[in-house]
Amino acid sequence: MLEELKEIAKKAGAIILSATEIKESTELKTSHRDLVTKYDKLVERTVKKDLLALLPEAAFFGEEEAAPENLQSAEWLFVVDPIDGTTNFVQGFHNSCVSIGLMHFGKVEYGVVYDPYYDELFSAKRGDGAYLNGKRLTLSDRDLMHSLAIFGSAIFYPEITQLSLRVLEKVFLQAQDVRRFGAAALDLCYIAAGRAGVFFECRICPWDYCAGSLIAQEAGAVVTALSGKPLDLYHKCSVLAGVPTAYREVLSLAAPEMEKANQR
Ligand code: IPD
Ligand code: CA
Ligand code: CA
């Protein structure tokens with residue numbers, strides 16, 4: 001299964017690389033910050049067809065179409081972000097990926113994230129470790145002072161901007177430095193690869209973190225909501241992923257803020 005998922009992600013990545021009409025085909029969804037291109041839709045259609053040919057009994061939950069009715073009761077569920085990092089894609093900022101997660105009765109069993117620009121394929125099967133281009137990823141622990149912290153700005157939710165900035169300020173004051181790249185699935189893989197010690201965002205969608213959360217966990221990271229609760233894999237949720245020590249430090253800074261704001 002994992003090998004087939006990798007092939008499907010690579011084929012999708014080739015579509016991203018061959019895109020020639022990105023700006024012309026960009027539409028706004030909910031605001032000037034929320035974009036979709038014909039390539040997001042094309043990749044999703046292609047990936048969906050390939051995934052359902054591979055596992056016809058599975059349900060499909062992708063960003064660009066309505067959630068299936070049996071979302072929470074499906075035995076097998078594909079969770080797909082066809083292009084994570086669409087704003088980057090539109091702006092020519094080469095940090096975007098295809099993200100494919102496969103859940104079985106509510107647990108993520110497989111995750112594949114492909115960055116076609118760097119030809120980096122991150123993958124994991126539950127219990128079998130995380131890999132980057134076939135090479136096993138293993139994390140070494142460190143504290144926040146010795147970690148880069150990747151921030152996600154929850155850009156589509158102005159009602160929690162102050163909350164995001166409060167958490168960011170606290171983390172910024174203790175971390176080595178902060179980064180904001182713009183593709184949450186890749187951010188999680190960068191934790192798996194040891195490029196940063198911690199990633200956090202106050203609200204993102206299951207297709208942003210389904211695959212990446214397994215990849216990060218299989219590499220040895222801790223992944224939960226910023227409140228410390230388990231991720232909600234069916235609804236929007238905050239995410240905190242990190243090596244154990246930096247994770248715990250950010251949790252102690254963020255969880256009280258999340259609780260005060262009544263956010264998971
Ligand atoms: C977005 C990216 C971004 C994160 C947003 C996501 P999209 O996904 O992952 O880093 O901050 O919350 O929605 O819209 O580019 O697929
Ligand atoms: Ca996304
Ligand atoms: Ca997307």
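Colleague: Which of the 14 residues around ligand 1 come nearest?

Modeller: D84, G85, T86, A184 and E201. A residue is near a molecule if one of its heavy atoms lies within 4 Å of it. This is a predicted model, where local features need pLDDT of at least 70, side-chain atom pairs count only at pLDDT 80 or more, and totals for chains, interfaces and linings use all residues. Residues are numbered from 1 along each chain as its sequence is written, ligands are numbered from 1 in the order in which they are written, and side-chain values use heavy atoms, without hydrogens and water.

Colleague: What makes the pair of ligand 1 and T86 a polar contact?

Modeller: A polar contact is a pair of N or O atoms within 3.5 Å. An oxygen atom of ligand 1 is 2.8 Å from a polar backbone atom of T86, so the pair counts. An oxygen atom of ligand 1 also lies 3.2 Å from a side-chain N or O atom of D81.

Colleague: How much of ligand 1 does the protein cover?

Modeller: The protein covers 94% of the 380 Å² of accessible area that ligand 1 has on its own. The area comes from the Shrake-Rupley method with a 1.4 Å probe.

Colleague: Which element gives the most to the shell around ligand 1?

Modeller: β4, with 3 residues. Strands are DSSP runs of E, at least two residues, numbered from the N terminus.

Colleague: Why is the pair of D119 and K10 called a salt bridge?

Modeller: A salt bridge needs a side-chain nitrogen of Lys or Arg within 4 Å of a carboxyl oxygen of Asp or Glu. The N to O distance here is 3.7 Å, so the pair qualifies. D119 and K10 are 109 residues apart. The whole structure has 16 salt bridges.

Key
Polar contact = N/O pair within 3.5 Å; in protein donor to acceptor, adjacent residues only side chain to side chain. Helix = DSSP H or I, 4+ residues; strand = E, 2+ residues; numbered from the N terminus.
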